Amino acid sequence: MSDENVFDIFDDDDDDIKTVQNNSLDSLRKYQKHHMELLKKHKDEIAFLEKLLSDCRNERKEFFIKELPAISNKLDEYHIDKSIKDEWLKQLERDMRRSFDESDKLISAFAVQKAEEFRESMEEKLKEL
Amino acid sequence: MRKRFSDQAYLFCLNSFKEARHNLISDSLGSSSDLYKALYSPKTSLRNTELERYELLVIKRQWESAVSQSKNISDNERSSVRSLFVNIYRDYVAKIQGTSLDLYFIEDHLKAMESLLEMNQKWDDRLKSLHVDFLKEEKILKDKIINEKSKNK
């Protein structure tokens with residue numbers, strides 16, 4: 001196994017050390033090696049998608065836990081009538097949820113597109129095996 | 001096959017919604033005189049119209065900010081960015097419909113723009129028409145507010 005590529009472990013080409021002679025197994029090893037190499041190649045993209053999802057979740061959490069109460073306090077400070085304040089907070093919550101849902105949809109669509117690209121790369125390789 | 005967009009297109013749209021949310025929060029914390037004017041309105045009907053106007057301004061602000069920022073994108077990315085944004089924004093605005101705010105005019109323009117993007121024609125003309133329609137809707141709401149105020153005198 002080379003120092004540079006840990007996935008060379010899947011290259012079990014030496015007939016003297018092969019314990020099982022099997023063409024299907026050889027193809028499966030090549031497939032696995034390619035799959036791992038693709039994952040390694042795309043690891044930054046995978047990490048980036050995970051970060052996008054996590055940032056969106058945190059932003060949503062921050063809004064409900066920190067920002068909404070701060071806005072409620074500010075409206076009190078400005079002596080906005082309670083009924084009007086409650087009405088506005090409800091509308092604000094609705095508008096923000098709508099916006100968060102759009103962001104979630106976008107990230108999901110982005111992830112689906114990346115998964116399709118990944119699958120196409122795998123299928124290209126499968127044709128060669 | 002599902003239409004594909006560039007990574008930059010997705011990031012652009014995500015950033016647009018994040019910026020819009022940040023502005024909404026900032027407005028609510030006191031930076032928007034339009035919002036607070038609405039919240040201080042004594043009469044319900046006047047307040048509702050003021051809040052409609054504020055909501056229209058928020059939607060318009062997001063659109064105009066995105067259009068302005070898309071001008072800074074490289075030529076080869078711009079089409080993908082605009083195409084995805086128009087698509088997403090149209091969905092978003094469609095969900096706001098069914099409230100008292102009537103946004104059918106935005107949807108009409110955005111539908112036309114999606115086709116135009118594919119043909120890469122007359123984007124700027126349509127932008128101008130949409131901007132004029134935004135101004136028209138804002139004026140309608142302003143006049144309504146003035147009428148409401150004069151009824152109360």
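Modeller: For the residue classes used below, Ala, Val, Leu, Ile, Met, Phe, Trp, Tyr, Cys and Pro count as nonpolar, Asp, Glu, Lys and Arg as charged, and the others, Gly among them, as polar. Please keep in mind throughout that this is a predicted model.

I begin with the interface, where 36 residues of chain A are in contact with 34 residues of chain B. The area buried between chain A and chain B is about 3300 Å², and carbon and sulfur atoms give 61% of that area. On the side of chain A, the residues A:Trp88, A:Arg98 and A:Leu106 supply 20% of the area that chain A buries against chain B, which is more than any other three residues supply.

Across the same interface of chain A and chain B, 13 residue pairs are found in polar contact, with both residues at pLDDT 80 or more. In terms of secondary structure, α2 (43-77) and α3 (82-128) of chain A each supply at least two residues of the side of chain A that touches chain B, and α3(A) gives the most to that side, with 23 residues. By class, the side of chain A that touches chain B has 18 nonpolar, five polar and 13 charged residues.

Of the 13 residues that line the largest cavity, A:Asp95, B:Leu24, B:Val58, B:Ile59 and B:Tyr92 are the closest to its centre. Two or more residues of this lining come from each of α3 of chain A and α1 (7-31), α3 (44-70) and α4 (75-96) of chain B, with α3(B) giving the most, five residues. The lining of the largest cavity divides into seven nonpolar, two polar and four charged residues.

The second largest cavity has a volume of about 50 Å³, and the residues that line this cavity include B:Phe12, B:Trp63, B:Phe85 and B:Trp123. Here α3 and α4 of chain B each supply at least two residues of the lining. By class, the lining of the second largest cavity divides into eight nonpolar, one polar and one charged; B:Ser70 and B:Arg82 are also among the residues of this lining.

Conventions
Residues numbered from 1 in each chain as written. Chains lettered and ligands numbered in written order. Predicted model: local features only at pLDDT ≥ 70, side-chain atom pairs only at ≥ 80, totals over all residues. Heavy atoms only, no water. Contact = heavy atoms within 4.5 Å. Buried area = accessible area lost by both parts, 1.4 Å probe. Polar contact = N/O pair within 3.5 Å; in protein donor to acceptor, adjacent residues only side chain to side chain. Helix = DSSP H or I, 4+ residues; strand = E, 2+ residues; numbered from the N terminus. 1 Å grid on protein atoms, 1.4 Å probe; cavity = no way out; pocket = protein on both sides within 12 Å on 5 of 7 lines; lining within 4 Å. Points joined across faces, edges and corners; volume = space filled by probe spheres on them.
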